[in-house]
Amino acid sequence: MRAMLLGPPGAGKGTQAERLATAYAVPHISTGDIFRANVQSATALGAEAKGYMDRGELVPDDVVNRMVFDRLAQPDAADGYVLDGYPRTPVQASELDAFLAERGEALDAVLRFDVPEGELVARLLGRAQEQGRTDDTEDVIRKRLLVYEEQTKPLEDYYAARGLLHDVEAVGEIDVITQRALDLLTELGHTPVAQPR
Ligand code: AMP
């Protein structure tokens with residue numbers, strides 16, 4: 001089951017991606033998490049990404065793509081994954097398609113997490129307090145939402161044109177949202193193999 005979660009920062013993609021990955025026994029691949037781990041352990045990749053992250057800007061496509069393709073080539077990703085926070089630009093999306101096509105693979109579904117804009121800022125500010133992320137200040141939050149609108153939202157059309165885009169209403173209880181996503185994927189022919197957590 002190769003799924004991709006699409007939605008603005010604060011839509012709850014990370015939480016839901018983790019649960020869906022458990023339900024389908026596939027890895028949760030979050031580019032944001034990989035970058036944060038690299039910043040934490042002070043790798044060259046982390047040093048390269050940090051400035052962009054702190055400003056709420058996107059890390060350049062070639063850096064992200066190289067990192068993701070390495071990850072997707074690992075054995076645990078052979079039978080599927082839940083992508084979270086990637087792709088985020090049309091260039092990333094088309095290069096991912098090319099990478100997958102070369103391996104005879106393709107994404108099965110793109111789940112768009114729908115949350116009203118007003119709720120996003122409140123959620124992100126709440127998360128800033130809980131997790132202490134350096135990119136969760138109000139200015140950077142607004143920048144990240146703008147970057148999403150400008151650079152990532154066009155992917156909705158890209159995936160809709162390929163018949164892959166499905167909406168998940170991402171407001172309400174976490175369990176209810178997970179169930180909506182599971183129902184949708186089940187309807188598409190992907191039966192979960194485990195409880196979501
Ligand atoms: P996230 O946790 O997904 O919100 O990502 C945090 C930050 O990591 C983003 O604001 C970007 O600076 C960087 N990042 C994560 N994923 C990507 C991506 N697919 N393309 C470019 N930058 C990314």
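This is a predicted model: local features need pLDDT of at least 70, side-chain atom pairs count only at pLDDT 80 or more; totals for chains, interfaces and linings use all residues.

Residues are numbered from 1 along each chain as its sequence is written, and side-chain values use heavy atoms, with hydrogens and water left out.

Which residues are closest to the ligand? They are Thr31, Arg36, Glu57, Gly85 and Arg88, within a shell of 16 residues; a residue belongs to the shell if one of its heavy atoms lies within 4 Å of the ligand. By class, the shell holds 6 nonpolar, 4 polar and 6 charged residues, with Gly counted as polar and Asp, Glu, Lys and Arg as charged. Helix α2 (residues 31-40) gives the largest share, 4 residues; helices here are DSSP runs of H or I, at least four residues, and strands are runs of E, at least two.

Turning to polar contacts, these are pairs of N or O atoms within 3.5 Å. The side chain of Thr31 places an N or O atom 2.7 Å from a nitrogen atom of the ligand. From the backbone, an N or O atom of Glu57 is 2.6 Å from a ligand oxygen atom, and one of Val59 is 3.0 Å from a ligand nitrogen atom. The ligand taken alone exposes 480 Å², of which the protein buries 95%, by the Shrake-Rupley method with a 1.4 Å probe.

The whole structure contains 2 aromatic pairs, meaning rings with centres within 6.5 Å. Phe69 and Phe99 form a stacked pair, 4.3 Å centre to centre with 5° between the planes; stacked means planes under 30 degrees apart. This pair joins helix α4 (residues 61-72) to helix α5 (residues 90-102), across 30 residues.

Finally, the backbone. Most peptide bonds are trans, and most residues other than glycine have a negative phi. The bond from Tyr86 to Pro87 is cis, with omega near -10°, and Pro87 lies in the loop between β3 (81-84) and α5. Ala25, in the loop between α1 (13-24) and β2 (28-30), has a positive phi of about 55°.

Terms used. A polar contact is a pair of N or O atoms within 3.5 Å; within protein, one must be able to donate a hydrogen and the other to accept it, and residues adjacent in sequence count only if both atoms are side-chain atoms. Rings of Phe, Tyr and Trp (its six-membered ring) pair if their centres lie within 6.5 Å; planes under 30 degrees apart count as stacked, over 60 as edge-to-face and the rest as tilted.
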